Amino acid sequence: MADPMDVDTPEKKYTQKSSSLPFGQDVAISQIGGPTYLTAQTLIQQVAYTLSDKIFTYSPETFDLDVALKHWQEQGEKNAHGYLPGVHTMETRTGAGSIALGYVFSQDFDLKKKHIPQTIVASSASLAPLRSTLDQLSLLYSLASPFVAHVAAVDYTSAGLVSDYTSSFKVAEELGLGLVSSASAQEVQHMALFSTLLATIVPTIHTYDGVNVGRETLNIDALENGALHNKYTQTLDGLMDVESKHSDNEGRLVRLLKSFNQQLKTKYKLFEYHGHKSPENVLVVFGTVEASIAAQTARQLSKKGAKVGVVNVRVYRPFVEEEFLASLPKSVKSVTVLGQVDDDLAQTDSAESSLLYQDVLAVVNFSDRQISVEDHKYSRSQVWTPEAIHKVFQQFSPETAQEYTGLNIFDKSAQQFSFWSQADSPALIAPLVLGQLLSEISSAYVTVRSANDNLIQGGTVRTDIRSSKKSVEAAYSIDTADVAFVSSEKLLGEFDIVNSLKDGGSLVVTLPGVKDEDLEKKLPVGFRQALTVKNIRLFILDPSVSPAVTEDASLESLFTQLAFLKLAGYIGSSTVTQKLASFNASQDVIESLAKEVETALRPIEIPESWATMEPEVEKISLPTDVAVNSFSKFERVDPEPPTYLEDWTTAAKGLLFKEAFGTKTALRPDVGVKTSIVTVKEHRRLTPFTYDRNIFHIEFDLGNSGLTYAIGEALGIHAENDKEQVEQFIKWYGLNPDEIVQVPSRDDPNVLENRTVYQSLIQNVDIFGRPPKKFYEALAEFADDPKEKENLLVVSTPDGATDFKRRAEVDTITFADILLEFPSAHPSFHDIVRIVSPMKRREYSIASSQHVTPNSVALLIVTVDWVDSKKRDRFGQATRYLNSLAVGSTVTVSVKPSVMKLPPKTTAPIIMAGLGTGLAPFRAFVQERAYQKQLGHDIGAVMLYMGSRTQKEEYLYGEEWEAYRDAGIITLLGRAFSRDQPQKIYIQDRMRQTMSDIRNAYFEEEGSFYLCGPTWPVPDVTEVLEEAYEVEEKSKGVTKKVDSRRAIEELKEEGRYVLEVY
């Protein structure tokens, strides 16, 4: 084995500049032309740079929508008009766009440039601030230059990054703008060019998926700069006649597209149909990923005989009605519109419809066609996959009810690879290098796409590579990978990575220094079993085998690349290693590491025992993919936050001279979420005062807070510590309550917030919370007494595990208790702020529907209290706070999304099982169903199973449930009071007694099941559902053994078995 001292240091380091660039690398504008590896976002910028006079960009820092534009300008590249175009990076804020408007209409504007387009490059999140500018531009457009906005459909929400077309829809509709969509990366350059041409008629928005498609690297046959300009001018020349000038915008649009197709030799249509020649059911789609997948799915289903099709809306505005009707085959009987709406609240609101649906409905109703039109709404957070689109077809076309078997768009030679890495992994860049390598050493079409989830394990990055003989559209995560690489075993406990592999695929896990006999301890139980189910080949990559990698961790990326090439059969090819050397390091380094990979990459023989799980091990359902919430990896910053004690003079200066001191006033600056102030409207105990459990209903008046919430969401209570306890601590610790402490904002660590010591202890510092081990270790630094210092350190070590557990679970001690126990450890208050955990909001399921109580929000709370080992009364901080609130008290709150959502269709049955305060969301569900019925909608079965100790003491909202039952809203009320009879009766017993009702509602009518409350009944309730499934299958004549467990798991994945347990 080579001595690490004999191995050269890598001469090069492959780095990723931006995920919006091909393979993360800069590309010269002169290199674009013909078959080239590019991203759609790069092509958008090429069209803008080539054809525009000035480009105004509104790109959040990590979105990098303009990174290529800025690079080309720095390089001195000229546009097609022979000069350096202006690239102006602007802030997204109120009044954004005024500079662009001012430039176009300024007295100094060069009128010779009036025919040259002006361009905006932005995200859909920027459209709201740009609205006033676009409004003025629309009104004065006859005097302006052509104006086009290339808008990446991407925005931030609580769900992460979402594809947002709704913003473009609204702006185009309200302001009379043109709106064009790209259905794939392959056509994005053409549609960017067409939109720029359409801008000569009407100010135009060109939109495209900004989450996935815009950033995927793939081979695109692109027009070079000169050809772009020629096609632009030639298309316009073809329209220079009197007839086109005097027709309306719709007519000019039709002629423009005809001329465009003639110049590019294409067959684009305003509305493009795909699918069966004589369809009966058609899906209307707007967007990129949804349009691409829907068209592919329709073609595949139609080959199997299903009479279905898809109409892709390429140009939404101007909406040419005659062209839309012509796109619908004569055989069509029903149209389902796949329409995007803002959020889950709008999706479930039966009174709200999508804008696309409104247009389609109007056009069809005013025609002589007898076609029914339905609206299938989806929120911006919907992630579209082939399976999800197939489920949409299943809902409106009975012919497609067969089980989903995958989208067959790849040839047999196609290969798919997934790489899962932590953001701080040295191997993070490996898949980008490999993607570029494969694109240069083979004739195959290669695609590379990365996704970042910065909330898991300090940042997780998934990169997918596809390689096939033909170009394919597949802007979604791989679910049948040939090989998956995992940089850390920690990710195996966060994601169901095996789910992304095909049966018989290979999985490589990087595990430094782990021996075969210790492997089982490192791998999660569920993961081990999944390997056996799918017959996965497991490999371990051990970088510690290489002295060079051990000494220089950055070589792990190259080590991973070589391991991949070994599995793929490329090791031994001098051409491959030479090309790899051009990206990474010297040939000598590569050859040395390649030899070490031979022993570092070892296959693992999977024991038969891995196929079974011990009965006491709970099976955990893990996400199968990352939730994209960033376009760049998480950059870990671990400096100690600065905190200072100041006096009132400093605070007063900040308040008087806000601009000079950068002072901002905020409701709760310490809280990194949007908060509102609400007022207690009602506080009513639901259990008798003689009963040992205090369960109460508390309702808040929203006033003018503007707070909105959706069915199933949770209300975050930003509770306060008990004032009497805080005052006692301040007195005992010797603090000045009025002294000012500066703490870093949670939104920006560089911004300090002024708070008094008293305010900090009331609202910010969790001084009466339970301390983790690291607190003991941190506090030991301040101990003057050697014995106290030693005792504190012991608790934080493995030897002190038993003592720590006793302290946490038996004594339930707090941070304050420890400071009292070890008096020689007396940190200053700014150190307390640093080492004591901040208070967190406590979230409770909302027990009301805002449609029914528009100005209030209700919660169902049980007070948490106990007596500790020292006979002291202890209380849950948040429930104690809530219970102390009198009517009229104000509370700081925020809203958190939840998995508890009603089915999209009002006719879908809902089966609810709630224990104790777990009934809260179901009160909201029932109220919402009553509201829907009041509006005249048909509603499905509403079945409520509730469990508690006794009816006399804990029949929570009992009168309401009975009233709803009598009114015909609740169709089945199953009450399980466990202590009201000699034998215990639980919620699962009531479910078994009414199994036929569950079978009918859940399986035959495709209802949804919800369980909310403690975790203990989950296995029993799941068992009842599995039994119901087995009975249902037998009733259909199925004689073979059915996998009921798998069936219920699939329902869980579909969102029809929802758990919210604690």
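Guide: A helix axis here is a line fitted to C-alpha atoms over the stretch in contact, and angles between N-to-C directions run from 0 to 180 degrees. The model is predicted.

Visitor: At what angle do helix α10 and helix α14 pack?
Guide: Take α10 as residues 289–303 and α14 as residues 386–396. Their axes are 9 Å apart. α10 passes α14 in a right-handed crossing. The packing angle is about 60°.

Visitor: How many charged residues does the contact of α10 with α14 have?
Guide: From α10 come Glu-290, Ile-293, Ala-294, Thr-297, Ala-298 and Leu-301. They meet Pro-386, Ile-389, His-390 and Phe-393 of α14. Seven of the residues in this contact are nonpolar and two are polar. The charged count is one.

Visitor: At roughly what angle do the axes of α1 and α6 cross?
Guide: α1 covers residues 40–51, and α6 covers residues 188–198. The two axes come within 9 Å. The crossing is right-handed. Its angle is roughly 35°.

Visitor: How many residues in the contact of α1 with α6 are nonpolar?
Guide: α1 supplies Ala-40, Leu-43, Ile-44, Gln-46, Val-47 and Leu-51, and α6 supplies Val-188, Gln-189, Ala-192, Leu-193 and Thr-196. None of these is charged, and three are polar. The nonpolar count is eight.

Visitor: Is Ser-184 buried or exposed?
Guide: Ser-184 sits in the loop between β8 (178–181) and α6. Beyond its neighbours within four places in sequence, Ser-184 contacts Val-213, Thr-288 and Glu-473. Its relative accessible area is 6%. The cut-off is under 20%, so Ser-184 is buried.

Visitor: Which elements do the buried residues of α17 pack against?
Guide: Helix α17 spans residues 525–533. Its buried residues are Phe-527, Arg-528, Gln-529, Ala-530 and Leu-531. They pack against β21 (501–510), α16 (519–522) and β22 (537–541).

Visitor: Is Val-533 buried or exposed?
Guide: Val-533 lies in helix α17. Its relative accessibility is 64%. Exposed means over 50%, so Val-533 counts as exposed.

Visitor: What is the phi of Asn-535?
Guide: Asn-535 follows α17. Its phi is positive, near 55°.

Visitor: How far apart in space are Val-533 and Val-148, C-alpha to C-alpha?
Guide: In sequence, 385 residues separate Val-533 and Val-148. In space, C-alpha to C-alpha, they are apart by 53 Å.

Visitor: Which residues does Val-1024 contact, leaving aside its neighbours within four places in sequence?
Guide: Val-1024 is in helix α37, residues 1018–1035. Val-1024 is buried, because its relative accessible area is 1%. Its contacts are Gln-988, Met-991, Arg-992 and Met-995.

Visitor: Which residues lie nearest the centre of the second largest pocket?
Guide: This pocket has a volume of about 1,100 Å³. Its lining has 34 residues. Nearest the centre are Gln-725, Phe-768, Phe-875, Gln-877 and Arg-880.

Visitor: Which elements give two or more residues to the lining of the second largest pocket?
Guide: By class, the lining has 11 nonpolar, 11 polar and 12 charged residues. The elements giving two or more are α24 (723–733), α29 (815–821), β30 (842–845), β33 (873–875) and α31 (877–883).

Notes. Residues numbered from 1 in each chain as written. Predicted model: local features only at pLDDT ≥ 70, side-chain atom pairs only at ≥ 80, totals over all residues. Heavy atoms only, no water. Helix = DSSP H or I, 4+ residues; strand = E, 2+ residues; numbered from the N terminus. Left-handed = near helix turned anticlockwise from the far one by under 90°. Contact = heavy atoms within 4.5 Å. Nonpolar A, V, L, I, M, F, W, Y, C, P; charged D, E, K, R; others polar. 1 Å grid on protein atoms, 1.4 Å probe; cavity = no way out; pocket = protein on both sides within 12 Å on 5 of 7 lines; lining within 4 Å. Points joined across faces, edges and corners; volume = space filled by probe spheres on them. Buried < 20%, exposed > 50% of the residue type's maximum accessible area, 1.4 Å probe, protein only.
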